[in-house]
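Biologist: Please show me the model, and then let us go through the questions one by one.

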Protein chains: 2
Amino acid sequence: MVSPKPDLETRLAEDHHQAIKLWLRLLTCTNLITAEIRTRLRENFETTLPRFDLLAQLERHPEGLRMGELSQRMMVTTGNVTGITDQLEAEGLVRREVDPQDRRSITVKLTPKGQQVFAEMARIHEGWVIELFSGLSAAEKDSLYALLGKLKKHLNHKEARP
Amino acid sequence: MVSPKPDLETRLAEDHHQAIKLWLRLLTCTNLITAEIRTRLRENFETTLPRFDLLAQLERHPEGLRMGELSQRMMVTTGNVTGITDQLEAEGLVRREVDPQDRRSITVKLTPKGQQVFAEMARIHEGWVIELFSGLSAAEKDSLYALLGKLKKHLNHKEARP
DNA sequence: TCTAAATATTTTAAGCATAAAATGTAGTTT
DNA sequence: AAACTACATTTTATGCTTAAAATATTTAGA
């Protein structure tokens, strides 16, 4: 019998707790998908996943989003958003605007070029994600979605505790 | 009604594909857990998640693991393993040994101090993971585990295709 | 009006992460 | 024996990521 490809779950033994096994499997699946999408974005569009994610946040916001809002939605620090925005601005895909009402705040918007480039990437990216999850039936996807929703609710509730 | 905390799922609308919604929820849950464990490891043990992961790989291997094997199990590049190993070696938690039969190969082993330090961290870490997943019943954890297993199998099968 | 506190973003230092090239070693073929 | 190919790890260049400090601006209170 051929050994499966090693990954984060390989080190587990029977005496490891169920929660540990679940955590490592969750992490393994996320890593596999992330790695695949990163490779395809680089090969097809010469871009990166964080840059794609930032553009995706702006897609439905022609009025732009503030750095702090981008930071929260992307689940990264504002310092990181600064760097990713620098790169996208250099590529002409986004532009920064200072809020005249509050000069501390900066709003980031897609440029016309950014809208066009992102629309094309988003179309192809959606096909990739559909393909990556196609091993699950619609009912299984719904179950997974619901279970992760419950997990997420618990994680967020916990953090809210003082 | 209070708005939920923004995250990767916030940008989604009804017309986004189910697979995209599932992918962003998976990513959101992974990010929430990763962020929480990273913070606790730093505050309690002054270490990082990648370093913890590397030590965890070595726990059940007193004979050590090779750099390439560590790279596969941790799902990162061998270059990255080099850097993380450097740090752990500097802390006295692991040591490198050249394979006398094949001087290209290096085996990484836990030092006695590394075994002791890791045992303590692993004990506490397990409690954290149990707590983080405690919002799900045992049956729900089993379901999530099985669904992710099916997803993983599909992801690995796809990569094997030429 | 002035000062202190709070807010928003950038900068700094450090760690992780990748892809690709470089280096050293081993195996195979001529 | 020499040349070529393959393997294992490190190095290089680049990008992402964090925590904390710095900077500029706004708000609140005395």
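**The surface near DNA strand D**

Modeller: By class, the surface near DNA strand D has six nonpolar, nine polar and nine charged residues, where Ala, Val, Leu, Ile, Met, Phe, Trp, Tyr, Cys and Pro count as nonpolar, Asp, Glu, Lys and Arg as charged, and the others, Gly among them, as polar. This is a predicted model, in which local features need pLDDT of at least 70 and side-chain atom pairs pLDDT 80 or more, while totals for chains, interfaces and linings use all residues. Residues are numbered from 1 along each chain, chains are lettered from A in the order in which they are written, and side-chain values use heavy atoms, without hydrogens and water.

Biologist: How many residues surround DNA strand D?

Modeller: A residue is near the strand if one of its heavy atoms lies within 4 Å of it. The closest are A:Thr48, A:Thr77, B:Met67, B:Gly68 and B:Thr82, and the residues that surround DNA strand D number 24.

Biologist: Which side chain has an N or O atom 3.1 Å from a base oxygen of DNA strand D?

Modeller: A polar contact here is a pair of N or O atoms within 3.5 Å. With a phosphate oxygen, B:Arg42 makes such a pair at 3.3 Å and B:Arg96 at 3.1 Å. The side chain that is 3.1 Å from a base oxygen belongs to B:Arg104.

Biologist: At what angle do the axes of helix α3 and helix α4 of chain B cross?

Modeller: The axes, lines fitted to C-alpha atoms over the stretch in contact, with angles from 0 to 180 degrees between N-to-C directions, come within 9 Å for α3 (residues 67-74) and α4 (residues 78-90) of chain B, and they cross at roughly 105 degrees. Because 65 to 115 degrees counts as roughly perpendicular, α3(B) is described relative to α4(B) as roughly perpendicular.

Conventions:
Helix = DSSP H or I, 4+ residues; strand = E, 2+ residues; numbered from the N terminus. Parallel < 35°, antiparallel > 145°, perpendicular 65-115°, else oblique. Polar contact = N/O pair within 3.5 Å; in protein donor to acceptor, adjacent residues only side chain to side chain.
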